[in-house]
Amino acid sequence: MCRHLAYLGPSVPLADLLTAPEHSLYEQSWAPRLQRHGTVNADGFGFGWYPAPDDPPDDPPDDPPGGPARPGRYRRAVPIWADPNLPDLLRTLSSTALLAAVRSATAGTSQDESAAAPFRDGPWLFSHNGAVPDWTRLPDTGLGPAEMLALEAHSDSALLWATLVQRLRRGQPAGAALADVVRRTAAARPTARLNLLLTDGRGIAATRHGDTLWYARADGRVLVASEPDRSGAPWQEVPDHSLLLATPAAVHIAPLRPPGRAPRPSHRADRTPTSPEDADRMTSRFSLETRLPADHTAMALRADVLNGLGAQPRWLPPKWFYDARGSELFEEITRLPEYYPTRAEHEILIRRAPEIAALTRARQLVELGSGSSRKTRVLLDALTAAGTLECYAPLDVSASALEEAGTALCRDYPGLRVQATVADFQRDLVLPEPQGPEQHGPRLLAFLGSTVGNLDTPERRAFHGLLRRTMSGDDALLLGADLVKDRDVLVRAYDDSQGVTAAFNKNVLQVLNRELNADFDLDSFDHLAVWNEDEERIEMRLRSRHQQTVKIPDVDLSLDFARGEELLTELSIKFRRESLTAELAAAGLQVRQWWTDQQRRFALLLIVPD
Ligand code: AVJ
């Protein structure tokens with residue numbers, strides 16, 4: 001029930017935000033697309049906006065001069081499309097900040113305009129999208145009889161607003177106050193839906209808890225809304241159970257934790273249990289921003305399948321190995337006796353981490369494709385010991401991996417901020433803007449595990465160029481690269497005796513079966529690891545055991561595989577010092593250090609812009 005929206009940015013006519021865009025809030029009142037509960041939002045609407053800074057102040061006398069502006073408000077109990085005054089109002093009013101809502105009332109609540117959002121107190125405007133079951137008996141609201149009687153409306157939203165106002169008046173920061181109200185309400189009413197939206201005209205705080213929430217930030221503007229319009233703004237979905245803090249300059253998203261949920265047990269023996277205060281401090285040191293549209297993964301998979309499986313020879317990009325099962329199998333691969341790269345790289349990292357810390361003096365560590373961040377701890381330890389590190393910024397396509405790794409790191413590194421970004425850095429390498437005091441400090445970019453070997457030569461060239469353009473003069477890049485070596489050692493590393501790599505390879509077919517309703521029979525394909533001598537790379541392939549037809553209904557494909565026909569699933573390029581150094585130099589990147597393990601199987605490169 002309900003849809004809401006908040007805006008901060010340059011002054012615009014309110015019509016540009018509320019009625020002009022395709023699938024605007026106006027349209028969402030009768031045709032919401034993503035709404036989880038209810039259908040039309042016809043039980044009133046409202047919006048609040050802020051006076052322009054040069055307008056005469058209308059502060060009440062007890063407000064300090066120059067204090068925050070008090071917003072104006074317009075609310076009606078009729079459907080938004082049924083108010084004949086609205087078009088003129090929206091056309092002629094402009095503001096740098098807006099909060100608006102269309103309402104679908106819960107049974108048993110006030111039906112007049114007093115129950116329409118936004119609610120207001122001082123500079124604050126507030127809206128609630130959701131419902132609290134049995135709200136009249138909600139325990140521990142902290143409200144006395146006077147406050148109860150002063151509720152602006154008989155509704156769950158007005159009650160939540162009163163409990164929030166108490167906290168705001170006490171000076172609790174907006175985000176903490178919202179998170180607190182959601183946690184307490186959810187503890188008493190586990191099925192409550194609590195998408196809250198709050199602004200003071202300068203910042204927006206919002207929670208997603210049970211319904212949908214999106215934001216778009218670009219060109220000094222930020223929009224936060226229940227669902228995206230189709231104005232072309234770069235909308236991103238906020239994960240459920242999150243707190244979002246936004247200004248036109250930055251958006252922060254942090255997971256909302258249910259009260260009293262115990263932190264996961266640490267592998268470190270020397271740690272004392274985390275107190276609730278620590279947990280709050282941890283949450284405030286962890287942020288997650290997503291740069292991928294919500295349907296990115298589904299769309300990219302469809303495109304890759306149509307493109308690769310429709311081609312001859314057939315191929316698939318290796319990133320589709322890594323669903324939960326695939327990531328587990330890869331972790332298992334790294335522990336196989338035959339799979340040396342992980343251990344070799346770890347050996348170098350352990351030995352060279354102090355030098356890396358001394359040479360880079362990095363204040364921010366940015367890791368591309370961080371995954372579980374397991375090997376990163378060696379670097380974090382060294383950079384922490386050197387006393388320079390303030391922020392770890394992992395980038396990965398998996399939000400769940402980022403959240404899991406990020407919260408664990410916040411727990412184990414008490415001074416560290418973790419600023420995670422869900423991104424596909426191969427397409428769109430935008431390094432996270434530093435949010436803290438390390439604004440101008442040197443950054444260390446890390447791309448480990450020889451994942452660079454998954455890129456073919458043109459892709460690698462483009463990627464090096466992208467890296468170079470993103471790096472400033474005092475930044476450095478740490479690159480892990482597997483080296484050319486004896487053929488048998490290589491093939492064994494990708495065709496182990498326990499069949500773990502075979503299972504990993506076939507898992508991609510399972511991913512297509514699950515995600516696209518394909519009917520691959522895993523036993524009808526053999527795992528192959530081939531050393532391509534000319535290209536100096538391992539090629540993982542799946543070979544059809546017999547002539548067969550595979551259907552992939554979700555992308556309308558029917559594939560005939562001849563007996564013995566091969567599907568290429570991964571390239572793993574092996575490098576040589578001279579050619580890799582030359583390739584990097586061509587992109588304007590200079591190799592400062594080339595370190596290998598004792599057996600010279602793997603190289604770790606410290607690279608600077610030239
Ligand atoms: C994670 C891409 C570095 O190529 O060695 C391991 C993946 N594939 N066994 C690699 C992989 C098969 C791995 N990378």
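Guide: Let me begin with a term: two strands pair if DSSP finds at least two bridges between them. Helices (H or I, at least four residues) and strands (E, at least two) are DSSP runs, numbered from the N terminus. This is a predicted model, in which local features need pLDDT of at least 70 and side-chain atom pairs count only at pLDDT 80 or more, while totals for chains, interfaces and linings use all residues. Residues are numbered from 1 along each chain as its sequence is written, and side-chain values use heavy atoms, with hydrogens and water left out.

Visitor: Okay, what is the bridge partner of Arg 314 in strand 25?

Guide: Arg 314 has Leu 567 as its bridge partner there. Strand 15 and strand 25 run parallel and are joined by two bridges.

Visitor: In what order do the four strands of that open sheet come?

Guide: The order is 15-25-22-21, with mixed pairing. Strand 15 (314-315) and strand 21 (525-532) stand at the edges with a single partner strand each, so one side of each has no neighbour in the sheet.

Visitor: Switching to the ligand, which residues come nearest?

Guide: Of the 14 residues around the ligand, the nearest are Tyr 339, Gly 449, Tyr 494, Glu 570 and Ser 572; a residue counts as near if one of its heavy atoms lies within 4 Å. By class the shell has seven nonpolar, six polar and one charged residues, where Ala, Val, Leu, Ile, Met, Phe, Trp, Tyr, Cys and Pro count as nonpolar, Asp, Glu, Lys and Arg as charged, and the others, Gly among them, as polar. Helix 9 (324-334), helix 15 (500-516) and strand 25 (566-573) each supply at least two residues of this shell.

Visitor: How many salt bridges does a search of the whole structure find?

Guide: The search finds 38, a salt bridge being a side-chain nitrogen of Lys or Arg within 4 Å of a carboxyl oxygen of Asp or Glu. One of them joins Asp 482 and Lys 574, at 2.8 Å from N to O. This pair links distant parts of the chain, 92 residues apart, with Asp 482 in strand 20 (residues 476-482) and Lys 574 in the loop between strand 25 and helix 16 (577-586).

Visitor: Are those two buried or exposed?

Guide: Asp 482 and Lys 574 are both buried, meaning under 20% relative accessible area, with exposed being over 50% and partly exposed in between (1.4 Å probe, protein chains only).

Visitor: What does strand 20 pair with?

Guide: Strand 20 pairs with strand 27 in the antiparallel sense over six bridges, and Leu 477 has Ile 607 as its bridge partner in strand 27. Strand 27 (residues 602-609) is mostly covered, with eight of its eight residues buried. Strand 26 (residues 589-596) also pairs with strand 27 in the antiparallel sense, over seven bridges, and Trp 594 stands opposite Leu 605.
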